[in-house]
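Here is a structure to look at. The questions below ask what its labels rest on.

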Amino acid sequence: MTTPGVDDAVREKEPVTERRLHPVTPLRRAWAPVAVLIGWAVHDPDQAQRQLARLTATTLLIALAVLVPVAALYGFLSWWYTHFAVTDTELRIRTGLLFRRTAHIRLERLQAVDVTQPLLARVAGVAKLKLDVIGTDKKDELAFLGEREARALRAELLARAAGFAPETAHEVGEAPARELLRTPPLHLAISLVLTGATWGALAAALVVPPVLWFATHSVWTVLATGVPLLGAAGASSVGRFVGEYDWTVGESPDGLRIDHGLLDRTHETVPPGRVQTVRIVEPLLWRRRGWVRVELDVAGSSNSVLVPVAPREVAESVIARVLPGVTVPSAASLSRPPRRAGRCVPVWWRGYGLAVTDTVFAARHGLLRRRLSLVPHAKVQSVRLAQGPWERLWRVADVHVDTGANKTVTARLRDAQEAAELLRAQAERSRTGRRDALPDRWMA
Amino acid sequence: METGSPRDAGTRGDETAEPVWRGLPPGLLRMRRLLLVVWLGLIALALGLLLGLLAGPVWAAFALLPLALMAWGWVLLGRNWRSWRYAERADDLLISRGVLWREETVVPYGRMQLVEVTSGPVERHFGLASVQLHTAAAATDATIPGLEPAEAERLRDRLTELGEARSAGL
């Protein structure tokens, strides 16, 4: 670390002020036992009904009289024992009633910060703060905080992560955001109508249950398959519309801002230099309109969509802001594998393409649904060349580029000679590509 | 920036120069072949005895199958062992392996998160150790098996040192 050790030592002695979460939090926790009961009832309705029939009104009342205070007490205690504190370099979370857990999150390793507001939380005026760090499956989240407090805390965390002096970190406040893109609801609706997966899920939900009914005449079989199918159809159409409604991408000194949602609002912030790969997806039916979907990968984060739907030029301009200095290679500049690659992967080989520019490694795959993946050279962790026996016969090879978000981008079926050169050159480029990258603390 | 080993210092900047490849020590091949012979020998013996006693001596000829497998495996292990090689260049580590399914991995030293030296009980008996490199990408499969412990430790120390000098993180 570059911070002088003496300063750190002096500041460490100051008492760290610990804070508690918003007082409505226990209510959320109080739901847990009720949710478990409902889950059990839904999972096994037969048995639940039989058990319910056996219960008399008094036992029910007694059970409620015991259960509700216990749940409330649990909720209250777990809220009482959860503290968090922001120090110069870390966010500390102390939690747990029986099993204590203390998490110290290094702010300069922060990959993304999300403020999410489920519908009920919006009504109550509270928000959840979620932190993405590499290497933890369990997301560390602060649920719930007051809405303003959550925003202020996010601003403070980002300011400290950016390397602002700790004394001024409070006052930096929310960095001003400049809007880059806003998706109109109509575009979103049309794009979903033009997506094959939506129709596939709907068709499956409408066709499979009647067929099953004729085949088995069993209500339970039909319900057991029909309900998940309907759920999937709903999630891929209405669910996506609701989730991606009013999608706004903004740019601020703190990084990239992504706000979306009709019922549950989510505000994501990805600090600069955290994006590992960007994928431009172009489904077949969108091609005539020139629309694309842009996905991104950030290490340790589950956020994956950058732009749900946008015209190609707009999407490319957003990508240019996300990955500074990167221009998306045009379809014409992508080189196809040699003709003999068709012997390894018939027909689909035409979908493969590769372009290497000064800043990115770009590989395309897919024939109907085209996907172009971009990896900045600075984000490449290792490069691999792989060649199977059949590929060797036709003198082609695959080049894999591994990135930190556990995503591997593959340039398939390149000419063997070209692949060997690509391997060497890519290793060299990824090694030197780091030099002009932003430091972890991007404001320092 | 330049902290490469003196051996590579002369060829620095000339990336096309053929790297100095190193193969694996013969100990690994010996160990793998011995394991192969022991296991398949036992299977052949058991199969031969069982079939010979239960089904008749003609059926015991099936015990030749594991023996044939053993001969084939013997050759295969040799080829596979010969195909493994690694090279330390000034700025990255090269690992090349595989006969039918060839794979070549390049890991820049700056991307290394952790270097691991492991050695199981059988490996220890034969005086062998493996070196494994981890980067932030889980797909990076950079393992060098069956090195002599001294070489494994030298490699670990050198890689750690170079990794520190060129650390780049994510």
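Two strands pair if DSSP finds at least two bridges between them. Strands (E, at least two residues) and helices (H or I, at least four residues) are DSSP runs, numbered from the N terminus. This is a predicted model, where local features need pLDDT of at least 70, side-chain atom pairs count only at pLDDT 80 or more, and totals for chains, interfaces and linings use all residues. Residues are numbered from 1 along each chain as its sequence is written, while chains are lettered from A and ligands numbered from 1 in the order in which they are written.

Q: Which strands of chain A form the open sheet, and in what order?
A: Six strands form it, in the order β14-β13-β12-β17-β16-β15. The pairing is antiparallel.

Q: What makes β14 and β15 of chain A stand at the edges?
A: Each has a single partner strand, so one side of each is left without a neighbour in the sheet.

Q: How are neighbouring strands of this sheet turned against each other?
A: By 15° on average, direction ignored. Axes are lines fitted to C-alpha atoms, for helices over the stretch in contact, and angles run from 0 to 180 degrees between N-to-C directions.

Q: How many residues lie between the strands of each hairpin?
A: Three residues lie between β15(A) and β16(A). Four lie between β16(A) and β17(A), where G366(A) in the turn has a positive phi of about 95°.

Q: Why is β16(A) called largely enclosed?
A: A residue is buried if 20 or more other C-beta atoms, placed from the backbone, lie within 10 Å of its own, exposed if 12 or fewer, and partly exposed in between. Six of the six residues of β16(A), 360-365, are buried, so the strand is largely enclosed by the rest of the structure. V360(A), A362(A) and R364(A) point one way, and F361(A), A363(A) and H365(A) the other way.
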